[in-house]
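Open the model in your viewer and keep the selection panel at hand. Each stop below names what to select and then what is there.

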Amino acid sequence: MSYDYIIIGAGSAGCVMANRLSEDPKTTVLLLEAGGKDTNMWIHVPVGFTKTLNNPDVNWNFATEPEDNVSGRSIPIPRGRVLGGSSSINGMLYVRGQAFDYDVWGQLGNRGWSYSDILPYFQKAETFERGGDDYRGGGGPLNVADMYEKHELIDAFIDAGVEIGSKRNPDYNGADQEGFGYYQITQRNGRRESTARAFLNPAKARPNLTVESRAHATKILTEGKQAIGVAYEIDGVAKEERADGEVIVCAGAVQSPQMLELSGIGQPELLRSHGIEVVHELQGVGENYRDHYAARMNWRVNQPITLNEETRGFNMVKEVLKWAVTRRGILTWTAGVGHGFMKTRAELETPDVQFFFVHGSFKSSADRKLDKEPGMTLACYQCRPESQGTIHIGGSNAYDAPKIRPNFLGNKLDQDTLVDALKLCRKIGETEALGQYIDHEMNPGSEVQDDAGLLQFARDTGATTYHPMGTCKMGADPMAVVDDRLRVHGMRGLRVVDASIFPTMPSGNINAPVIMVAEKAADMVKEDARAGASKAAA
C-alpha cells in the first residue's frame, strides 16, 4: 500500500511529526523506527539514563574517529535506538536556548525562524507545570516539570553563583536565560516524558497511523529528483513502501546525512567512492557538524551527603521503595541538577557558557559509575561552539556506522571560552557558599593553574554532551541542505526534520529545540499540502 507520508525515525522529531500529521483522519502516515518498543524499565525510571548510555538494546553506541584535538581519543556518541529515540535515553533536561539564537537563524535568511516566529511552537508543545504565560505553554502534550527534589549542595551551588556576581533565575526558559537555579525536566509524576510517551502513545490508536519498529531504513526511493518511498528491512526481510506525498527524514544529526548519502544525495565524489549512484549533488550533506564539548571538574566533599553514599546499600533500597510508592526521591535525579548560564566576557550581550552541577562524582562520563567517597561535579561548555566537523558514510551498507569527525576544540575561540569556563568553575568552588563543603579539588587538581594546563585537561578528559546538530543545515547558501521549509534543495517530496537542520547551535541542550522544529515542520507540511491541493484544483 502507499501512504501520504513516510517518516524515517521515531525519535524526538519523528514522534511529534507522526502525531501532528495523523491528526487529520484522511491523512495516512507510516512511521519507521530501527529500534524496538520502549519497554526497557531503565527508560522510564529517570536515574536509569545511566543504564542506557551504552546499552545496545536502546542505543546505537556510535563513537567518533580518534582525533588529535582530544588527545587521540575516540569519544562515545550515544543515540537512541528505540521508540522515542534520544528522548528515551537522554538526561531529561529541558532547555530552549536564547532568543538570540533563533534571531540569528532568521538573520541568516531563514524566513519564519526568528524567535518571535518559533516561540509559539515551544508553547504549543509543552505543558509547563507552573502554568502557561507569555513564554511558557500550558496545554501541550509534553510535560515539563521543576526538579522534584532539592538538596543542600545544589542550593549552595546556586548561592555560589550569586556570590560571584550572577543572579538567581527560576525560569531560564522564560524572558532571560542568564543566572543560576534548578534545571527543568521532561518528566511526568517522576517518570521520563519522552516524545514516544508524550506524542506517539496518544496517537497510536489512530487507524491512519502505522508504526513499524525494528524497521531499519536502507534507502530513500527516488524517480529522478522526486522521493517516492522508502526501502527498509525488518528481521532481514526487505520491504518497500510508497509515499504519495512526502518522505520525511527524522533520523537525527548522525543518521539523517547517512540516509541521504545512502540514497545518492550528497557529495558526488564521496558517493562514487563507495559505489553509490549519484541521484542529486548536495555538497553540504554531512558538513557543519557541531556539538557541545564539556569539561568536568570535581571535588571531594567533606560530609556524607552526596549521591555517592545515597545510592549504596540500604539507602538505595529505601529510595527504590520510595520511588515505587511516591514517584519521588533520588531516582528522579537527572544528568544535571543545578544550572548556570554566564558570560565569560563583560562585553557579551548574552551568556556564552552553561554549567551543570550534580551532588555526586564519577571517574568516567561514559558509564557515570559513582565514586565510593563523597563528591560533587561541575561540568561546563561553550554555548555556541564554532568548531565544525563532519559525519559521512564509511561504506554503502546501511548497517555500517557513519564516520563521525567532530573536530572538537578546533577553533581558538572554543578553546579560550572553555578555559574561561573552567576558571569560573574553580571560582564557584572557592566561594564561601560552596567551599564549606569541599575537602579538596580532585580534577584537574590544584597543581593545574595556567591556561595551557586547563586546556590540556579539557582535551584529555572532555566529552560530548550528546547534542550533535547541523549536518543537513537549513539555509540558502551553497552548503545548505534544506530550505527554510525544510525541503531538501533540488528534490521534490523530501524533507529533513531534526537537529541536523540547525544552521547554528542553540545555547543549551537540544531536545526542546528539536521538538519545536518538528511542531513547526508539521504545520509547514500541512500548509504545503493544502497549497498543492488548491493549485491542482485550479
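Predicted model: local features only at pLDDT ≥ 70, side-chain atom pairs only at ≥ 80, totals over all residues.

Residues are numbered from 1 along each chain as its sequence is written, and side-chain values use heavy atoms, with hydrogens and water left out.

**Stop 1**

Select residues 14–21, helix α1, and residues 511–537, helix α15. Helices (H or I, at least four residues) and strands (E, at least two) are DSSP runs, numbered from the N terminus. The axes of α1 and α15 come within 9 Å and cross at roughly 35 degrees; axes are lines fitted to C-alpha atoms, for helices over the stretch in contact, and angles run from 0 to 180 degrees between N-to-C directions. On the α1 side, show Val16, Met17, Arg20 and Leu21; on the α15 side, show Ile515, Ala518, Glu519, Ala521, Ala522, Val525 and Lys526. These residues make the contact, where contact means heavy atoms within 4.5 Å. Eight of the contact residues are nonpolar, none is polar and three are charged. In this count Ala, Val, Leu, Ile, Met, Phe, Trp, Tyr, Cys and Pro are nonpolar, Asp, Glu, Lys and Arg are charged, and the others, Gly among them, are polar.

**Stop 2: the buried face of α4**

Next select residues 99–107, helix α4. Which residues of α4 are buried? They are Asp101, Tyr102, Trp105 and Gly106. Buried means under 20% relative accessible area, exposed over 50%, and partly exposed in between (1.4 Å probe, protein chains only). Look down the axis of α4: its buried residues fall within an arc of 140 degrees, so they line one face of the helix. The arc is that of the directions from the helix axis to the C-beta atoms. An α-helix has 3.6 residues a turn, so residues three or four places apart point the same way. After α4 comes Gly109, with a positive phi near 105 degrees.

**Stop 3: salt bridges**

The whole structure holds 29 salt bridges, each a side-chain nitrogen of Lys or Arg within 4 Å of a carboxyl oxygen of Asp or Glu.

- Select Asp171 and Arg136, whose side chains meet in a salt bridge at 2.7 Å, N to O. Asp171 is in the loop between α6 (152–163) and β7 (179–182), and Arg136 is in the loop between β5 (126–128) and β6 (142–146), 35 residues apart. Both residues are buried.
- Select Glu373 and Arg300, which form a salt bridge at 3.7 Å, N to O. Glu373 is in the loop between β19 (353–358) and β20 (375–382), Arg300 in strand β17 (residues 293–301), and 73 residues separate them. Glu373 counts as partly exposed at 49% relative accessibility, whereas Arg300 counts as buried at 13%.
- Select Glu246, Asp483, Arg485, Arg487, Arg495, Glu527 and Asp528 together; salt bridges link them in a network.

**Stop 4**

Go to Cys380 in strand β20. Cys380 counts as buried, at 0% relative accessibility. Setting aside residues up to four places away in sequence, Cys380 touches Tyr293, Ala294, Ala295, Gln354, Phe355, Leu418, Ala421, Leu422 and Cys425.

Then select Gln258 in helix α8 (residues 252–262). Gln258 counts as buried at 7% relative accessibility. Beyond its neighbours within four places in sequence, Gln258 is in contact with Ile393, Ala398, Asp400 and Pro402.

**Stop 5**

Select residues 451–461, helix α14, where Leu454, Leu455, Phe457, Ala458 and Arg459 are buried. These buried residues pack against β17, α12 (412–429) and β23 (438–443). In the loop between β23 and α14, find Pro444. The peptide bond from Asn443 to Pro444 is cis, with omega near 5 degrees.

**Stop 6: positive phi**

Most residues other than glycine have a negative phi, and most peptide bonds are trans. Select Arg327, whose phi is positive, near 60 degrees. Arg327 sits in the loop between α11 (313–326) and β18 (338–342) and is partly exposed, with a relative accessible area of 23%. Finish at Tyr466, with a positive phi near 70 degrees, in the loop between β24 (463–464) and β25 (494–496).
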